[in-house]
Every structure is written in C-alpha cells, then in structure tokens.
Amino acid sequence: MIPTYAKMLLAATLTYTACLANATGQNLSPAAREAFARGQRAQQAGDGVNAVRAFGEAIQLCPNIAELYVARAEAHRSAGQLGQALADCTEAIRRKPKLAVAYVARANAWTGKGDLEKAIADSTIAIGIEPR
C-alpha cells in the first residue's frame, strides 16, 4: 500500500492544479474570482496565511463550491494549520463526495499529523474515485 500512497502524493500537485482550474471554471462571482486569484497568488508565493484569508473570502461568496474548501485546506496545510486543513477537506467531501482531490488533500494533512493509517485510507478512496 505504501507505494500506492506515495504515487498519490506525487500526483497530488497535478490533481490540486486541476481542482483549482475546475473551481475557476465554475460559476464564481467576479468578487469570488478575484479572491480566489489572490489566494492562488499568495499560495504560489508561499504565503499560506494570506492564501487562507483570500480563499475564505471566496468561500463566503460561493459557499457551495467544494473545490474552494480544498484550496483553503491546502493553504491551511502549508501554514501548518493541519486541524483546519482536515476540517476544510471534510467539508469539501461532505459537499462533493466524489471529489478525489479532497481525499488527497486530507491524506496530505493526515500525513502531516503523522497518521499514516488515515492517510492511506483516504488515498485508497481517492484512487477508487479516480484510478488513473
């Protein structure tokens, strides 16, 4: 199982990028699109705190888009806020249970917390959803 889990982690960046592209393609208001773009820029600059803030603004404007929760979860993770990352991933999964990237992001957060058993479980679910 560990090789499969490692494969998922390596693919996480590409999947996360696809998730973000999907979120921007959805029906975001202009203000939400701007907040999302600010979050992306902050995340790319390594500024997890401002990325969390900007993605949070986008979520306030468009709370039903699960991918926005995944974006904020990854920002939380990069800021070392693993509990909040787990909560956002779980919310994304609640809103869109077949969103594989939410399980990958949650697996990354579980890894950060040192719970490889839960990380492997989430990775296995993600693979079941998107086996490619």
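Begin by selecting Glu-57 and Arg-38, which form a salt bridge whose closest N and O atoms are 2.6 Å apart. The model is a predicted one. This pair connects distant parts of the chain, with Glu-57 in helix H3 and Arg-38 in helix H2 (residues 30-44), 19 residues apart. Glu-57 is partly exposed, its relative accessible area being 29%, and Arg-38 is likewise partly exposed at 32%.

Next, select helices H3 (residues 48-61) and H4 (residues 66-78), whose axes come within 8 Å and cross at roughly 160°. The two helices are therefore roughly antiparallel to each other, and their crossing is left-handed. Among the residues in contact are Ala-51, Val-52 and Phe-55 of H3, and Leu-68, Tyr-69 and Arg-72 of H4. The residues of this contact comprise nine nonpolar, four polar and one charged.

Move on to Asp-122 and Arg-106, a salt bridge with its closest N and O atoms 2.6 Å apart. Asp-122 belongs to helix H7 (residues 116-129) and Arg-106 to helix H6 (residues 100-112), so the pair ties together parts 16 residues apart in sequence. Both residues, Asp-122 and Arg-106, are buried.

Finally, select Glu-91 and Arg-95, whose side chains meet in a salt bridge (2.7 Å, N to O). These residues are separated by about one helical turn because they lie four residues apart in helix H5 (residues 82-95). Arg-95 is partly exposed, at 29% relative accessibility. The structure holds ten salt bridges.

Conventions: Residues numbered from 1 in each chain as written. Predicted model: local features only at pLDDT ≥ 70, side-chain atom pairs only at ≥ 80, totals over all residues. Heavy atoms only, no water. Axes fitted to C-alpha atoms, helices over the stretch in contact; angles between N-to-C directions. Parallel < 35°, antiparallel > 145°, perpendicular 65-115°, else oblique. Left-handed = near helix turned anticlockwise from the far one by under 90°. Contact = heavy atoms within 4.5 Å. Nonpolar A, V, L, I, M, F, W, Y, C, P; charged D, E, K, R; others polar. Salt bridge = Lys/Arg side-chain N within 4 Å of Asp/Glu carboxyl O. Buried < 20%, exposed > 50% of the residue type's maximum accessible area, 1.4 Å probe, protein only.
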